Amino acid sequence: MNLCELTAHELGELLKSRQVSAVEATEAAINRIEAVDSRVQAFVTRTVEEAFAQARAVDAARSRGETLGPLAGIPMALKDNICTVRIRTTCSSRMLADWVPPYEATVVSRLKEAGAILLGKLNMDEFAMGATTETSAFFPTRNPWDLERVPGGSSGGSAAAVAAGEAFYTLGSDTGGSIRQPAAFCGVVGLKPTYGRVSRHGLIAFAPSMDQIGPLTRDVTDCALILNAVAGHDSSDCTTADLPVPDYRAALNTDIKGLKIGVPREYFADGLDPEVAAIVRRAIDKLAELGAICEETSLPHTEYALPTYYLVAYAEASSNLARYDGVSFGLRVPGRDIEEMNINTRTEGFGPEVKRRLMLGTYALEAGNYEAFYLKAAKVRTLIRQDFEAAFNKYDLLVTPTEPMVAFRLGEKGNKKPLAMAAADSYTSAVSLAGLPALSLPCGFSQGLPVGLQLIGPSFAEARLLQVAYAFEQNTEYHRRRPALEVA
Amino acid sequence: MTITAAEVERIALLARLKLTPEEQAAYTEQLNAILEYVDKLNDLDTSAVEPTAYILPLRNVFRDDLVRPGLPRDKALAGAPEVSEGQFKVPRVV
């Protein structure tokens with residue numbers, strides 16, 4: 001049996017019944033990383049010794065007869081913008097290449113408490129700015145389904161590692177689509193929870209009004225299990241919702257009869273690859289076959305979502321990334337005085353994509369421009385939110401393609417063309433502006449490459465998204481396919 | 001053209017970035033392309049629309065004022081590029 005082909009919950013059963021030990025599971029994952037990661041390049045940092053120490057601790061606890069949770073002994077990995085003590089957290093940037101955080105993210109503490117085994121930290125677009133993982137200052141990550149293609153981004157390492165069998169699950173972060181888009185490109189399940197569902201304490205900020213941490217997994221059951229472990233109020237993040245967290249796994253069932261699903265026509269307009277459209281249409285037919293009532297609807301401000309997202313996200317980023325000044329942590333490049341040191345540090349520490357966004361954000365917030373750009377975008381954000389509110393008065397959830405195309409080739413969307421990525425961002429950013437939960441799951445293959453189906457719910461309706469995703473998954477086979485990485 | 005190369009240089013300095021002449025030219029073109037794209041928002045009349053800065057209906061979030069340990073000084077300084085006498089050290093300020 002190849003352990004690395006299993007889902008996290010399947011491995012969890014073997015661990016619980018002591019057919020496999022946590023050390024054996026960790027060994028399997030590390031062997032797999034050694035076998036494939038020189039090609040996939042998902043990991044920025046590997047934590048082999050720590051992983052084995054954690055695995056031995058879990059095995060010891062189990063042999064003492066302690067009651068362990070469902071994630072105990074399961075190896076996983078984290079996007080490298082999630083802070084870990086004693087382990088560097090780089091944001092795939094020269095600015096933080098050697099930075100070791102003094103505290104750890106709440107999600108990391110929660111997973112550790114649940115007995116998770118940390119294998120290492122995963123590559124990403126620099127400071128989560130990008131949709132290909134090519135803006136990483138270190139190296140690009142590759143798509144396990146076709147190594148000449150991008151895994152998506154910015155959580156490209158997180159999606160690729162799960163697809164390649166290098167980790168049983170990972171965490172990523174999503175500001176404008178950074179979990180859902182790579183999940184779609186790599187054929188895994190990715191969930192962006194409702195804004196406020198999961199603590200951001202210890203997540204390095206990009207655009208804090210939209211940033212959210214979420215799981216990337218091989219199936220829907222795993223997604224529910226990980227959300228169970230990380231969701232909930234955190235006194236260290238005052239934007240987390242003080243609401244009860246349901247048992248997401250217990251909510252999984254396949255009965256979706258009578259559920260009302262809206263299909264917004266704006267997501268099926270020009271620019272959608274015809275083969276992707278056909279696959280997504282068939283997936284919607286499948287949901288109808290399972291008893292859901294699927295109807296066409298409209299989100300009239302969809303075409304304004306991406307320009308709004310650019311202004312809001314870049315403005316927030318420009319003010320957030322002001323902290324990288326060479327004073328208290330991270331890179332310092334010397335200068336004659338403090339201002340020259342600030343400038344030298346930022347000029348050498350940031351890559352071209354980050355610089356472009358910081359400049360645009362600075363411009364949009366500048367006195368004299370603020371009303372015309374940032375405030376205008378904040379107002380359009382209200383209209384986008386209201387579109388969804390109106391839709392959810394009629395429908396239980398909405399369904400769209402996650403992306404209008406399959407994964408593209410490395411280098412295809414050049415860094416020189418700032419709007420080349422627009423199509424890739426346009427299907428995911430409206431949801432982020434509205435703070436809603438959305439899940440991408442595999443719904444078919446186009447020319448051997450995965451296609452993702454995006455389910456969008458009202459605030460805090462993660463259980464419903466997971467249920468519909470589960471019903472689809474239990475009646476299809478796409479989530480069982482694995483990329484043929486052995487054939488190098 | 002919405003913004004000129006000279007303006008791009010000024011904005012870069014506001015963001016504490018120094019651009020080479022080649023970068024300045026490239027970013028001028030790129031920023032103009034983005035600004036032209038976002039100009040689409042002006043199709044919409046938003047005079048009667050309230051802005052959304054945050055999605056949550058949160059106002060002031062209070063918690064009990066409990067005494068608990070903060071980040072110890074040595075840990076706070078551990079990632080600093082330069083430290084002197086238990087403080088962050090920086091080059092000349094004035």
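Tutor: Buried area is the accessible area (1.4 Å probe) that two parts lose on being put together, summed over both. The model is predicted, so local features need pLDDT of at least 70 and side-chain atom pairs pLDDT 80 or more, whereas totals for chains, interfaces and linings use all residues. Residues are numbered from 1 along each chain as its sequence is written, chains are lettered from A and ligands numbered from 1 in the order written, and side-chain values use heavy atoms, without hydrogens and water.

Student: What area do chain B and chain A bury between them?

Tutor: About 5,300 Å², with 68% of it on carbon and sulfur atoms. In chain B, Arg16(B), Leu41(B) and Ile55(B) lose the most area to chain A, together 13% of what that side buries.

Student: Why is the pair Arg332(A) and Glu82(B) called a salt bridge?

Tutor: The term requires a side-chain nitrogen of Lys or Arg within 4 Å of a carboxyl oxygen of Asp or Glu. The side chains of Arg332(A) and Glu82(B) meet at 3.0 Å, N to O, and therefore qualify. Between chain B and chain A there are 4 salt bridges.

Student: What makes 51 residues of chain B count as being in contact with chain A?

Tutor: Contact means heavy atoms within 4.5 Å. By that criterion, the 51 residues of chain B touch 62 residues of chain A.
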